[in-house]
Amino acid sequence: MTIERSRSIAARWISLRFRFARYPVASLVVALAAGLPEAAAFAGGPAETIKLGVLAPLSGSYKDAGIDIVDGAKIAVDRINAAGGVLGKKIELISQDDACDADQAAQAAGKLAAAGVVAIAGGYCSSAALPELRVFHVQRIPYVLDASTFPQLTEHGWHNAFRTIGRTDAQGVLAASLMKGALHAKRAAVMNDGSTYSQGLAQSAVVALKRDGVDVVYDDAISPGQKDYLATVKAVSERNPDVLYFTGYYTEAAVLAKNLREAKSGIGYFMGNGAADRSLIEKGGEAVEGMIVTTSPLPQFLDNARARQFVKAYLKAYGREPGPYSVYEYDAVGVTAEAIKHAKSSRPEDIEAALHALKKYDGATGDIAFDQKGDRVNAAFMAVTVHDGKFEPYARLDRNGQWGR
């Protein structure tokens, strides 16, 4: 490394220290990044494999979703390696647990960078993805997000950030249009769990509802991890909303559904997001019957050959249906491998450039291309409902952006 290059990197670290001083994990992130050798993947000569990292919650409340993400990545790697790998090398998958915790996420990201990964596919909780992305930004390692939808992740102007899923702000608008257009709601209650992702989605939904003339009679947060939200449910019910839209995760959604039944609420519809996971049904049982969940299209409802092959391979490997984000992780690994192929290089900066230049990747979730920010172009959404203990399609968006049954 040249002296000029070393000074340039040092200057970047100093800049990041000041730029992110207001963030709780900023000092940790910068310290981790500063202690890592740049381009660690290439220290000691050519690698025998191409190392890809996966970050997901493998412990804590959301470990089921994290395991599902890692399993989706394994299916992708198995397919790619069975076809000969990329650039004559097999892909090696290295996973780390971020526990959906910002501090642990920064440490996990640092471990992956030190292990020599050339790119990362993953990310569940946006609050964990943000410190992870800061580490990888300093190291100039591309990060293809599969489930983290918080808009700010691609609003920093960092060219190493990409995602195979739609943004929260787009989904909030669509959820509002479903409430008004398909459910004919005139009064709505919106509830979040205080997380970065959940607050952002709730805010975008509230703005859109008010713009569409729907009266927002409740807009507040709960504290996740509680065994009971009955008092909050009763307070919401007293405001007589036609629909309650909860923007948090499946664990709390299941508890809220039980509380709604216990309170004999007159609320017509219970909606959720980030809850389209089999764990919702396992935890909620009969209480979640009829619940509507806005989501990116689930694997079993994707109508193309690649998606059907993925579902078949997943069922064969794990004996269960894939969860909602497994297929977006599958495509995150796939599009990264495609970028390596097009770049004819496994250097992180070359992969990043190839991802930006990619015109179209035929993924299981449809055609994938990224805009200048790294967001997916033309991301799709749908609504599902729980019926007889399983998810079924409830409504889809047509070409005009209208919900149809």
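This is a predicted model: local features need pLDDT of at least 70, side-chain atom pairs count only at pLDDT 80 or more; totals for chains, interfaces and linings use all residues.
Modeller: Local features need pLDDT of at least 70 and side-chain atom pairs count only at pLDDT 80 or more, while totals for chains, interfaces and linings use all residues. Residues are numbered from 1 along each chain as its sequence is written, and side-chain values use heavy atoms, with hydrogens and water left out.

Biologist: Why is the pair of Tyr62 and Tyr249 called tilted?

Modeller: Rings of Phe, Tyr and Trp (its six-membered ring) pair if their centres lie within 6.5 Å; planes under 30 degrees apart count as stacked, over 60 as edge-to-face and the rest as tilted. The centres of Tyr62 and Tyr249 are 4.7 Å apart and their planes form 40°, so the pair is tilted.

Biologist: What makes this pair tie together parts that are 187 residues apart in sequence?

Modeller: Tyr62 lies in the loop between β1 (50-56) and α3 (63-82), and Tyr249 in the loop between β8 (243-246) and α9 (250-262). Helices (H or I, at least four residues) and strands (E, at least two) are DSSP runs, numbered from the N terminus.

Biologist: Why is the pair of Tyr124 and Tyr325 called edge-to-face?

Modeller: The planes of Tyr124 and Tyr325 are 70° apart, with 5.7 Å centre to centre, so the pair is edge-to-face.

Biologist: How do you know whether Tyr124 is buried or exposed?

Modeller: Buried means under 20% relative accessible area, exposed over 50%, partly exposed in between (1.4 Å probe, protein chains only). Tyr124 has a relative accessible area of 4%, so Tyr124 is buried; Tyr325, with 14%, is buried.

Biologist: Which residues do ring pairs link into a cluster?

Modeller: The cluster consists of Tyr62, Tyr124, Tyr197, Tyr249, Tyr250 and Tyr325.
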